[in-house]
Amino acid sequence: MMTEPRTGTREEWLAARRALLAAEKALTRQSDALAEQRQALPWVKIDKPYRFDTDAGGATLAELFRGRSQLLVYHFMFGPDWKAGCPSCSMIADGFDGFAVHLANHDVTLTAVSLAPLAKLRAYKQRMGWSFPWASSFGSDFNADFNVFFTEAQQRAGEIEYNYQRGGHAMDMAPVPPPVAELAATCGTDAPGYTRDRPGMSAFVLRDGVVHHTYSTYARGLDGLWGSYQWLDRAPLGRNESGVWWRRHDEYGDG
């Protein structure tokens with residue numbers, strides 16, 4: 001909730017800003033420490049022979065690295081029967097589409113992976129004007145194994161474990177919250193179908209020809225990757241949101 005701002009003198013502002021700076025510096029140091037903890041996680045060897053469809057043809061997980069030693073995968077919500085990709089994932093992708101080339105020149109490949117067939121991904125990618133690599137995992141266990149896809153049976157039985165816990169996420173609530181139903185409709189699917197596909201990000205490393213999983217994050221763990229929110233958090237009114245205010249970038253109209 002946004003509280004009513006107070007006005008003050010420049011001197012009062014400067015004193016408050018210096019106090020905030022101390023808190024910001026502490027958070028930065030804590031973030032640095034968390035990054036070190038992420039990098040200290042044990043590597044887990046990937047034994048399953050995952051297959052993907054890409055613009056270059058069929059590919060293994062190792063081939064998604066594109067000759068680099070590190071791979072970052074954005075688990076983009078786009079079900080096989082959907083008419084369009086998730087608007088929230090699309091907003092995140094608008095951000096990383098611009099800097100994926102910089103990561104590629106620092107030994108890191110950033111790719112999106114979705115369940116939708118490659119033809120749908122290509123058409124949507126062209127519509128959005130994106131250039132990052134995007135692979136289809138259709139017919140593969142990849143999404144299920146990395147906890148971003150769940151079956152109807154799991155959903156009916158309440159057995160979905162997302163973000164390292166069972167239940168507790170808005171997508172697991174009954175009845176479905178209106179924003180979730182609204183997002184589902186924009187993708188051309190229903191709420192149950194939409195909530196079986198989840199967003200996430202996973203990291204992998206290729207060492208001596210062997211792929212290892214190093215890290216995954218989900219739900220609000222993706223906040224730091226959602227570039228627009230980092231700017232809104234610094235705007236005078238903050239996020240200042242109620243419901244789903246964002247759209248795909250070609251759906252805002254002249255306004």
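This is a predicted model: local features need pLDDT of at least 70, side-chain atom pairs count only at pLDDT 80 or more; totals for chains, interfaces and linings use all residues.
Residues are numbered from 1 along each chain as its sequence is written, and side-chain values use heavy atoms, with hydrogens and water left out.

Back to Tyr164: its phi is positive, near 65°, and the residue sits in the loop between strand S7 (161-162) and S8. Helices (H or I, at least four residues) and strands (E, at least two) are DSSP runs, numbered from the N terminus. Ala219 also has a positive phi, about 50°, in the loop between strand S10 (210-218) and helix H8 (227-232). Then there's a cis peptide bond from Ala174 to Pro175, with omega about -5°. Most residues other than glycine have a negative phi, and most peptide bonds are trans.

Now, which residues touch the most other members of the largest nonpolar core? Among them are Phe76, Tyr124 and Trp134, in a core of 36 residues. By nonpolar core I mean buried Ala, Val, Leu, Ile, Met, Phe, Trp, Tyr and Cys residues joined through side-chain atoms within 4.5 Å. H2 gives the most to this core, six residues. There's a second, separate core too, with 15 residues, including Phe52 and Val211.

Note on methods:
Buried means under 20% relative accessible area, exposed over 50%, partly exposed in between (1.4 Å probe, protein chains only).
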